[in-house]
Amino acid sequence: MTDITIPARKPARPHFSSGPCAKPPGYAPEKLNTEALGRSHRAKIGKARLAYCIDLMREVLQLPDTHRIGIVPGSDTGAFEMAMWTMLGARPVTALAWESFGEGWVTDVAKQLKLDPTVLRADYGQLPDLLQVDWSNDVLFAWNGTTSGVRVPDGDWIAADREGLCFADATSAVFAYDIPWDKIDVATFSWQKVLGGEGGHGVLILGPRAVERLESYTPSWPLPKVFRLVSKGKLAEGVFKGETINTPSMLAVEDAIFTLEWAKSLGGLAGLKARSDANAAALDKIVAERDWLSHLATDEASRSKTSVCLSVEGADADFIKKFAAILEKEDAAYDVAGYRDAPAGLRVWCGATVETVDIEALGPWLDYAYAVTKAG
């Protein structure tokens with residue numbers, strides 16, 4: 001132990017959790033607009049702030065006018081389940097799973113909705129063969145697997161003339177990649193990932209084909225109130241103008257607005273992507289310089305640039321637990337142990353709210369924690 005040197009410099013912000021993720025640089029609660037707090041979300045001011053948040057998301061995401069944006073309950077999970085419960089059943093379903101959340105959607109479709117889906121699976125670190133997808137089906141997938149560090153490389157595999165709907169869980173992908181919105185019928189995300197926002201609220205994006213499905217198809221199962229997007233056979237348009245189904249946290253809304261305004265100051269989506277790319281490149285360099293560290297996703301084309309998952313040579317779950325605890329105790333890195341269902345390893349968030357200089361400072365601390373853990 002006496003031969004192991006503690007690094008001289010720590011990351012200034014050691015927040016590398018993959019959700020909730022780091023706040024943007026310069027964030028402070030006292031900087032939030034609090035004028036709407038304590039007011040009804042249905043009052044003029046509440047509706048105005050919700051609509052402003054939606055408008056900012058549209059602008060930063062470069063979302064076309066053909067697609068609607070709604071703020072819904074239950075984080076990304078609630079938004080994706082809302083989409084499944086309201087639209088699935090009209091066609092056969094194909095579900096893609098290469099990590100825990102994709103497997104969760106398989107469970108929902110098979111065991112809860114009982115729709116007998118076609119399932120295309122791959123092990124952690126890999127993608128299934130995307131060319132095997134039958135686009136006469138409704139297709140469910142996670143654009144970026146948060147717990148595996150694997151993403152789809154692009155949208156080229158999505159059929160432009162698809163008959164089924166394309167459902168993309170994009171919670172670790174939006175604001176970090178170019179999304180071909182003309183090929184996405186349903187997308188969901190939460191503010192707590194790439195925006196570093198608060199949990200509890202989901203965002204549901206609907207293209208015109210999804211709206212057509214909602215207005216022409218009624219599922220056979222009952223829908224709870226928080227899932228209902230149709231009234232008298234027509235889309236509840238108010239949901240996509242800030243008239244939320246249930247009461248939102250206006251503090252969480254203001255938190256999201258803060259980061260979206262910060263994103264605009266960077267140049268919008270291009271600025272966010274550049275920061276995430278730089279962070280991922282800095283972490284790649286750290287991995288390349290260490291023979292005991294490697295990427296779980298071996299194919300660079302499908303490797304996440306946000307939730308980067310790493311393998312540690314010879315490590316089991318107990319080793320990783322001790323490794324991460326050392327980093328946290330030293331205030332060098334928080335929450336970097338891999339997801340509980342994933343292979344034992346590390347997971348470092350490289351989204352835009354993280355500073356590249358903090359990723360760079362992480363390398364020596366990984367060496368330190370590895371040496372201390374190995375020394376027992």
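Trainee: How many residues does helix H2 have, and how far does H2 reach from its first C-alpha to its last?
Mentor: Helix H2, residues 75–87, has 13 residues and reaches 19 Å, close to the 18 Å expected at 1.5 Å a residue. The expected span is 1.5 Å times one less than the number of residues. Helices (H or I, at least four residues) and strands (E, at least two) are DSSP runs, numbered from the N terminus. Keep in mind that this is a predicted model: local features need pLDDT of at least 70, side-chain atom pairs count only at pLDDT 80 or more, and totals for chains, interfaces and linings use all residues. Residues are numbered from 1 along each chain as its sequence is written, and side-chain values use heavy atoms, with hydrogens and water left out.
Trainee: Why is H2 largely enclosed?
Mentor: Because 11 of its 13 residues are buried. Buried means under 20% relative accessible area, with exposed over 50% and partly exposed in between (1.4 Å probe, protein chains only). Among the buried ones are Phe 80, Met 82 and Trp 85.
Trainee: And what comes after H2?
Mentor: Gly 89 follows, and its phi is positive, near 110°.
Trainee: Switching to H8, where does that helix bend?
Mentor: H8 bends by about 30° at Gly 363, and Pro 364 follows within four residues. The bend is the angle between axes fitted to the seven residues ending there and the seven starting there. Helix H8 covers residues 356–375, and its buried residues include Gly 363, Trp 365 and Tyr 368.
Trainee: What covers the buried residues of H8?
Mentor: The cover includes helices H6 and H7, plus strands E12, E13 and E14.
Trainee: New topic: Thr 146. Is that one buried or exposed?
Mentor: Thr 146 is buried, with a relative accessible area of 5%. Thr 146 is found in the loop between strands E5 and E6.
Trainee: Which residues is Thr 146 in contact with?
Mentor: Leaving aside neighbours within four places in sequence, Thr 146 is in contact (heavy atoms within 4.5 Å) with residues including Glu 99, Lys 193, Cys 309 and Arg 347.
Trainee: Last one: what volume does the largest cavity have?
Mentor: Its volume is about 70 Å³. A cavity is a set of points on a 1 Å grid over the protein atoms alone where a 1.4 Å probe fits but cannot get out, and lining residues have an atom within 4 Å of a point. Cys 309 is one of the lining residues closest to the centre of the largest cavity.

Notes:
1 Å grid on protein atoms, 1.4 Å probe; cavity = no way out; pocket = protein on both sides within 12 Å on 5 of 7 lines; lining within 4 Å. Points joined across faces, edges and corners; volume = space filled by probe spheres on them.
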